[in-house]
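Reader: I would like to learn how to read a few features of a protein model, one at a time. Could you take me through them, giving the general idea and then the case at hand?

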Amino acid sequence: MHAPSKTPHSFEFSVSVIVIGGGGCGLAAALAASDGGAEVLVLERDPKLWGTTSMSTGLIPAAGTPEQDAAGIEDDPQRFAADIVRKTKGETDEAIVLRLAEQSADTVSWLRDSHHVNLSLLTDFLYPGHSAKRMYGMPNRSGAELMAAMEEAVNAAGVSVLTDATVTRLVSKGDRITGVVYTRPDGSEEAVGCEAVILACCGFAGNAEMVARFMPELENATFHGHPGNKGDAVRWAEELGVALEDMHAYQGHGGLAAGRGIPILWPLIMEGGYQVNRDGKRFADESAGYSEHAVKVIAQPEHVAWAIFDQQRYDLMMKFDDFQQAVSAGAIKSANTLEALAEGSGLDVAALLATNAEVDALRAREGVDAWSRDFTGTTPLNAPFYAAKVTGALFHTQGGIVVDRDARALKSDGTPMPNLYAGGGAARGISGPGADGYMAGNGLLTATTFGKLAGRHAASTLQDKAREIEAS
């Protein structure tokens with residue numbers, strides 16, 4: 001990967017705004033900039049638009065929405081922001097958190113009402129850390145479904161998209177980015193000029209060298225993310241003197257189906273399922289959060305665990321496309337008794353029976369277990385029983401370029417770059433410095449909302465500049 005070039009460059013053509021990356025953040029940025037009248041070009045390294053968003057459940061949190069009000073759900077941006085700050089133990093930028101929370105309802109309504117992205121409020125369950133039901137998703141709870149809808153919106157808006165275009169360098173004059181250089185599959189190199197650049201090119205979870213540098217405890221984690229997470233934005237930021245923060249932060253997952261690469265999602269846990277290790281014993285509070293749970297699973301013998309649940313939880317999970325894929329892939333074992341489930345899964349029978357009895361005792365009375373998990377209000381498991389063998393995974397990184405309230409990239413001295421923006425995996429997230437601050441939806445909140453803010457600010461700035469030129 002070449003460093004940003006500060007030498008003059010001859011451009012084949014120029015556009016107003018270049019968006020690097022065609023995932024959820026990039027398409028949100030492109031739509032917002034296009035809405036503002038800017039000529040936009042999206043450059044995507046892959047043959048198609050998918051990105052990290054396509055590998056997620058596609059859930060975007062939003063607070064203080066009309067749909068929440070109609071469902072009798074009490075929520076507002078301040079409450080949402082407080083949940084995030086609490087999950088990070090206060091180790092995040094509270095002003096940015098509040099800004100995103102305040103913008104969240106607009107992001108969902110804008111995508112749905114202006115661009116026909118079929119988002120609706122989910123009222124089935126709470127995710128760890130959220131004090132209100134505020135998740136919006138597509139009908140099948142699928143990130144691929146969300147990406148398909150956003151791609152349709154981009155096409156309808158007339159935004160130019162170039163796939164198989166890997167950006168290799170940014171061209172700059174002083175602090176201002178004047179264009180980019182990208183390569184095509186045949187090795188040819190092309191250059192395009194611009195007035196603004198929005199970095200929406202993922203994080204660095206797919207770069208083993210950077211992972212070892214910033215988060216060495218994930219050496220044994222399975223990487224389950226978009227292969228474009230190569231750390232391009234990190235490299236360019238370091239060359240340009242742009243600030244980076246929370247580089248140790250990431251979204252892990254303690255429930256990736258072992259050998260299948262399909263996530264067993266956390267509603268199963270939040271509704272009373274639990275995990276055991278090879279010895280049939282629980283080893284942590286699974287409900288604290290699926291991100292921080294990844295390293296706890298990795299610490300178990302052979303780096304694996306088994307999710308234990310029943311028909312009630314199975315039926316709930318069948319609402320998710322990911323779980324349907326796990327069933328089709330044979331990742332879920334079933335049996336009419338816990339003894340048979342243990343034997344079929346290679347678990348210690350007596351230990352699993354004892355573990356289940358301990359959990360049922362906790363369900364029946366108020367109190368918490370040795371790891372402070374509270375099972376009160378959940379129902380005992382009933383036949384048929386199910387198990388899924390899982391491992392700990394690294395999904396995506398949460399550290400990155402420090403941005404302001406309009407997603408402008410900030411230099412090390414805290415001043416904004418004149419025309420460089422960042423969002424999604426390229427930007428510093430709101431999960432604090434580690435894994436335990438991640439809350440479900442943090443990734444897509446920062447992707448879609450930072451993308452929207454970046455696109456709007458870039459387009460508005462260009463309009464202001466055009467008016468000044470006309471006035472002169």
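Reader: In which hand, left or right, does α12 cross α13?

Author: Please keep in mind throughout that this is a predicted model. The crossing in which α12 passes α13 is right-handed.

Reader: What else describes such a pair, and what are the values for helix α12 and α13?

Author: Two packed helices are described by the angle between their axes and by the distance between those axes. Here helix α12, residues 338–345, packs against α13 at an angle of about 130°, and the two axes are 9 Å apart. That angle makes α12 oblique to α13, since only angles over 145 degrees would count as roughly antiparallel.

Reader: Which residues of α12 and α13 meet?

Author: From α12 come L338, E339, A342 and E343, and they meet V349, L352, L353 and N356 of α13. Sorted by class, this contact of α12 with α13 has five nonpolar residues, one polar residue and two charged residues.

Reader: How do the axes of helix α1 and helix α14 lie to each other?

Author: The axes of helix α1 (residues 24–35) and helix α14 (residues 442–471) come within 7 Å and cross at roughly 30°, which makes α1 roughly parallel to α14. The crossing of α1 and α14 is right-handed. On the α1 side the contact is made by C25, A28, A29, A32 and A33, while α14 supplies A447, T448, G451, K452, G455, R456 and A459. By class, the contact of α1 with α14 has seven nonpolar, three polar and two charged residues.

Reader: Now to burial within a single helix: which residues of helix α11 are buried?

Author: In helix α11, which covers residues 321–328, the buried residues are D322, F323 and A326. They cover an arc of only 95° around the axis, so they lie on the same side of α11. The elements that these buried residues pack against are β14 (304–310), α10 (311–317) and β15 (332–335). After α11 comes G330, whose phi is positive, near 75°.

Reader: Are E302 and S372 buried or exposed?

Author: E302 is exposed, with a relative accessible area of 52%, and S372 is exposed with a relative accessible area of 52% as well.

Reader: Where is there a cis peptide bond?

Author: A cis peptide bond joins A383 and P384, with omega at about 0°. P384 is located in the loop between α13 (349–364) and β16 (385–397).

Reader: Finally, which residues is T52 in contact with, leaving aside its neighbours within four places in sequence?

Author: With those neighbours set aside, T52 is in contact with C202, H226, N229 and H396. T52 itself lies in the loop between β2 (40–43) and β3 (60–61). As for F11, T52 and F11 are 41 residues apart in sequence, and their C-alpha atoms are 30 Å apart in space.

How values were computed
Residues are numbered from 1 along each chain as its sequence is written. This is a predicted model: local features need pLDDT of at least 70, side-chain atom pairs count only at pLDDT 80 or more; totals for chains, interfaces and linings use all residues. Side-chain values use heavy atoms; hydrogens and water are left out. Buried means under 20% relative accessible area, exposed over 50%, partly exposed in between (1.4 Å probe, protein chains only). Helices (H or I, at least four residues) and strands (E, at least two) are DSSP runs, numbered from the N terminus. The arc is that of the directions from the helix axis to the C-beta atoms. Contact means heavy atoms within 4.5 Å. Axes are lines fitted to C-alpha atoms, for helices over the stretch in contact, and angles run from 0 to 180 degrees between N-to-C directions. Angles under 35 degrees count as roughly parallel, over 145 as roughly antiparallel, 65 to 115 as roughly perpendicular and the rest as oblique. A crossing is left-handed if the near helix is turned anticlockwise from the far one by less than a right angle, and right-handed if clockwise. Ala, Val, Leu, Ile, Met, Phe, Trp, Tyr, Cys and Pro count as nonpolar, Asp, Glu, Lys and Arg as charged, and the others, Gly among them, as polar.
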